[in-house]
Amino acid sequence: MAQEKKKLTTNFGRPVDDDQNSKTAGIPGPTIMEDIHLVEKLAHFNRERIPERVVHAKGAGAGGYFEVTHDITQYTRAKFLSKIGKRTEVFLRFSTVGGEKGSADSARDPRGFAVKFYTEEGNYDLVGNNTPVFFIRDPIKFPDFIHTQKRNPATNAKDPDMFWDFLSLTPESIHQVTILFSDRGTPKSFRHMNGYGGHSFKLWNAKGQYVWAKFHLKTAQGIQNLTRQEATRLAGEDPDHATDDLFQAIERGEYPAWNVQVQIMTPEQAKDYKFNPFDMTKVLPHGDFPVMPLGRLVLNRNPQNYFAEVEQAAFCPGNFVPGIGPSPDKMLQARILFYHDAHRYRLGANYHLIPVNSPKGVKAHTYQRDGAMRVDDNEGAGPNYYPNSFQGPEPHSEVAEPGIEVTGKTGRQPHIHPNDDFVQAGNLYRKVMKDEDRDHLIGNIVDHLGNAQKRIQLRQTALFYKADSEYGSRVANGLKLDVKEVERLAKMSPEERAKATQ
Ligand code: NDP
């Protein structure tokens with residue numbers, strides 16, 4: 001039997017008699033002001049857009065669950081990780097980073113990989129990427145970096161000079177640049193890539209003992225990438241290919257899954273480690289810190305409405321639950337504050353009340369009140385201050401997190417081991433990549449860097465050379481640069497190199 005159709009009304013529920021003809025004075029018009037339905041319709045249309053995310057604007061999302069497969073209670077007291085077999089509802093948003101909301105899914109760009117776990121102790125957000133590292137280690141560089149990946153202020157076009165000028169003056173980016181210009185920089189779909197938490201996080205157990213941890217989400221579909229030729233073709237022919245692929249796979253019942261793993265590092269290991277383990281430009285080598293299985297994440301529910309669930313989804317690395325917390329990673333320290341800030345700007349002070357962002361496993365109780373779009377009961381008649389003697393919510397000290405030792409002087413502290421930035425990029429090129437990966441990497445770089453000014457090409461190629469002399473020489477040859485000059489630049493300090501390529 002056909003479902004009875006809903007009745008069309010105004011926003012305030014008044015039945016609408018006609019949605020095809022505006023009210024007019026006579027035939028054919030003019031229209032008259034008393035047509036409140038027409039005014040409401042046009043006025044709301046003008047207000048349909050909310051600010052686009054400055055980064056990660058183009059995205060796709062889906063719901064599902066996380067299931068614990070291995071016991072890690074010796075490391076964390078987080079309740080959602082407390083028992084093998086325990087399931088927690090999740091919402092995951094994938095994205096590209098630099099492009100606008102209408103940009104192509106196949107762009108060479110990291111992919112955002114943001115997971116919201118709706119736990120019984122509040123929402124835990126793991127806001128990662130499909131790459132284990134990032135371009136920079138200090139948040140003070142973030143706005144500059146992002147500007148260079150976007151549009152030239154004069155031409156409003158993408159600009160290879162801006163793109164490579166910044167990267168070539170920022171040597172710590174070399175590891176991420178190497179991953180980005182490998183075929184992993186153009187994943188075949190959101191289903192065929194890994195996710196990484198990126199930062200080291202603090203895990204602490206019921207006894208208050210803590211360790212550092214990195215999370216990896218390995219695709220059960222297998223890694224599959226596009227070549228740059230395929231990515232370029234898709235950008236024109238099917239710019240929403242990954243968004244569509246995710247939706248259609250879930251519609252078909254082919255639920256994508258990821259095996260969740262964790263690397264653990266004790267505070268003692270961190271103290272003496274050969275590089276700063278809180279530096280987001282580096283991975284923790286598997287040989288030193290083996291990955292341990294933890295759980296499985298499955299996406300099995302498409303959003304019913306894109307705007308409600310995906311566009312309004314708001315993730316913040318500062319959404320922790322007891323048993324998981326921040327590390328001293330400077331990037332993380334900034335992210336835990338400024339993602340909330342971005343959402344307050346984009347969605348409003350009460351964005352936590354939007355259903356996709358609200359905790360589901362527990363009811364939130366705070367002394368925050370009022371503000372635009374406070375659409376729940378605003379904590380009713382309960383007290384709006386603390387302390388109080390009127391049964392307001394109480395803090396519970398048993399969730400307090402173990403502190404860490406901190407010493408030293410305040411100040412703007414530069415990174416003191418500049419050459420350690422090249423080790424992992426070199427290892428990736430030499431030891432991990434296969435011949436075909438290296439061939440594609442060089443081709444992808446030459447194709448893109450070749451559009452920048454020659455002095456910038458030289459400066460950037462010197463960084464590839466510092467990572468691995470063969471890597472740098474092959475890029476130099478591809479760009480028809482003098483390898484001897486590249487080698488000379490590679491031996492200079494960053495300041496000398498910048499001066500020599502002004
Ligand atoms: P391993 O040999 O133990 O690890 C290499 C890892 O590199 C693999 O496990 C795989 O990680 C990843 N990988 C494989 N092929 C590629 C590719 N074509 N492009 C990018 N990554 C690839 O050595 P280490 O742990 O000592 O790491 C060596 C280098 O591998 C690092 O410097 C880093 O560049 C890269 N890497 C390391 C990761 C880590 O967490 N240790 C994670 C990813 C890359 P996965 O299973 O995560 O895909």
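Predicted model: local features only at pLDDT ≥ 70, side-chain atom pairs only at ≥ 80, totals over all residues.
Q: Strands, then. How many bridges pair β1 with β9?
A: Six, in the antiparallel sense. β1 covers residues 59–68 and β9 covers residues 291–301. Strands here are DSSP runs of E, at least two residues; helices are runs of H or I, at least four; both are numbered from the N terminus. Two strands pair if DSSP finds at least two bridges between them.

Q: Which residue in β9 is the bridge partner of phenylalanine 66?
A: Leucine 297.

Q: And how many bridges join β8 to β9?
A: Seven, and the two strands run antiparallel. β8 spans residues 257–265. Alanine 257 has valine 298 in β9 as its bridge partner.

Q: Switching to charges. How many salt bridges does the structure hold?
A: 36. The criterion is a side-chain nitrogen of Lys or Arg within 4 Å of a carboxyl oxygen of Asp or Glu.

Q: Which side chain meets lysine 58 in a salt bridge?
A: Aspartate 240, at 2.8 Å, N to O. Lysine 58 is in the loop between α1 (36–46) and β1, and aspartate 240 is in the loop between α5 (228–237) and α6 (241–251), so the pair ties together parts 182 residues apart in sequence.

Q: Is lysine 58 buried or exposed?
A: Buried, at 7% relative accessibility. Aspartate 240 is partly exposed at 37%. Buried means under 20% relative accessible area, exposed over 50%, partly exposed in between (1.4 Å probe, protein chains only).

Q: What about arginine 228, which residue does it form a salt bridge with?
A: Aspartate 447, with the closest N and O atoms 3.7 Å apart. Arginine 228 lies in helix α5 and aspartate 447 in helix α11 (residues 435–449), so this pair ties together parts 219 residues apart in sequence. Both count as partly exposed: arginine 228 at 23%, aspartate 447 at 48%.

Q: And where do aspartate 288 and lysine 274 lie?
A: Both are in the loop between α7 (267–272) and β9, 14 residues apart. Aspartate 288 is partly exposed at 36%, while lysine 274 is exposed at 62%.

Terms used: Residues numbered from 1 in each chain as written. Heavy atoms only, no water.
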